[in-house]
Amino acid sequence: MLYRIILTCGFITQYLDINYMDSINQLLLVAGTHGNELSGIYLNKLIKDRLYSADRSTFSTTSVIANPKAVEQNVRYIETDLNRLFSSVNEDLSSDSAEHAVAQWFVDQHVGSEQQLIVDLHNTTSNMGATLILLSNDSFYQKMGSYVKQRMPDANILFEDRKPWDEQPYLCTAGKYGVMIEVGAQAHGSLRFETLTLMKQMLTAVLDYVEKQNLKQIKELKDYSAFFYVEEVNVPLDKDGMRIATVHPKICGRDFEVVKQGEPLLATFFGYDVSWEREQDIYPHFINESAYAKANVAMALAEKRLVSVS
């Protein structure tokens, strides 16, 4: 039987056991959730031009551009961030903003199948390499992380499962199953060969995992180290709303590298550092992501844990 998979660039939490999960029969690839993140947009073009095959024997892949107007203008969004509008708890699709209309269109057109996987493609200005973002910590996603890690040893597996699935705001959680692929570093509005290559490699690994899962051909997987989101670090501001610190130069460009107690995170303009004060080691990522500057977010922090899939 031919199945169809849906992938999307760019969370409702459902805990499933891989042993009882039905085959994924649709996959949607969505690029342009953020209109100035070109890796996914050009991977979508490669698929349309038949220069990259996203089909497998058990499914076909549909590829769409999520926010065409933002892509045309080479901006992250027109009025509001599309990738923050999909929480069933906080959604307000009655708003007349451009992105609320796009979100409603996306739900109407592409959400419905119980066995659909959405793969959301993004790139970041942070030096995160190829990062697979998983929004649930159940067996299906744990094993996906192991499979990708075995195929791409330098890849980062990041779990952001701090919220239930239906409280996650991201486009890939509009349906029952979804993941995000994040590649960097790449300036927004630009395209780099290296990051596009990383995205193709990680997407290929995800597609192959789904194929083998459908065919029940998953061989022995290894336990692996993954990162688990903890919190964000905000840049302190003065009374005028101006920043009084920057990301410390010792950690700039060193996403997913360990920071220990007493080591600096921020450098203030007054000659002293803001350091990590807790006992456990921490791993900054999304360091100096330009899209988060408006919210004065300097970085996100994660713990490193062993994921057991045996």
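Modeller: A residue is called buried under 20% relative accessible area, exposed over 50%, and partly exposed in between, with a 1.4 Å probe and protein chains only as cover. This is a predicted model, in which local features need pLDDT of at least 70 and side-chain atom pairs count only at pLDDT 80 or more, whereas totals for chains, interfaces and linings use all residues. Residues are numbered from 1 along each chain as its sequence is written, and side-chain values use heavy atoms, with hydrogens and water left out.

Biologist: Is F270 buried or exposed?

Modeller: Helices (H or I, at least four residues) and strands (E, at least two) are DSSP runs numbered from the N terminus, and F270 sits in the loop between strand 10 (264-268) and strand 11 (273-275). Because its relative accessibility is 57%, F270 counts as exposed.

Biologist: Which residues make the nonpolar surface patch?

Modeller: Patches are built from residues with over 30% relative accessible area and no salt bridge, joining like charges within 9 Å and nonpolar side chains (Val, Leu, Ile, Met, Phe, Trp, Tyr) within 5 Å. The areas come from the Shrake-Rupley method with a 1.4 Å probe. Here the patch covers about 310 Å², and its members are F270, Y272 and V274.

Biologist: In the hairpin of strand 10 and strand 11, which residue takes a positive phi?

Modeller: Two strands pair if DSSP finds at least two bridges between them, and strand 10 is joined to strand 11 by three bridges in the antiparallel sense, with L266 standing opposite V274. Four residues lie between the two strands of the hairpin, and the residue with a positive phi, near 95 degrees, is G271.

Biologist: How many of the five residues of strand 10 are buried?

Modeller: Strand 9 (residues 245-247) also pairs with strand 10, antiparallel and over three bridges, and T246 stands opposite A267 there. Strand 10 is largely enclosed by the rest of the structure, because the number of its five residues that are buried is five.

Biologist: Which residues of strand 6 are buried on the side that holds N156?

Modeller: Strand 6 (residues 156-159) is covered on both faces, with I157 and F159 buried on one side.

Biologist: Which residue of strand 8 stands opposite F159?

Modeller: Strand 6 runs parallel to strand 8 (residues 224-234), and two bridges join them. In this pairing, F159 faces F228.

Biologist: What is the handedness of the crossover from strand 5 through helix 4 to strand 6?

Modeller: Strand 5 (residues 129-134) and strand 6 run parallel, joined by four bridges, and L132 stands opposite I157. Between them the chain passes through helix 4 (residues 139-151). A crossover is called right-handed if, with the strands pointing away from the viewer, the path from the first strand over the helix to the second runs clockwise. By that criterion this β-α-β crossover is right-handed.

Biologist: How many residues apart in sequence are the parts that R278 and E231 tie together?

Modeller: A salt bridge is a side-chain nitrogen of Lys or Arg within 4 Å of a carboxyl oxygen of Asp or Glu, and the closest N and O atoms of R278 and E231 are 2.7 Å apart. R278 lies in the loop between strand 11 and strand 12 (283-285) and E231 in strand 8, so the distance along the sequence between the parts they tie together is 47 residues.

Biologist: In the salt bridge of R162 and E160, what is the distance from N to O?

Modeller: R162 is partly exposed at 38% relative accessibility, whereas E160 is buried at 6%. Their side chains meet in a salt bridge with an N to O distance of 3.3 Å.

Biologist: What is the relative accessible area of E182, which UniProt lists for "active site"?

Modeller: The UniProt record, an unreviewed entry, lists E182 under that name; its positions are given in the numbering used here, feature names are shortened, and annotations may be inferred rather than shown by experiment. In the model, E182 is found in strand 7 (residues 177-184). E182 counts as buried because its relative accessible area is 6%.
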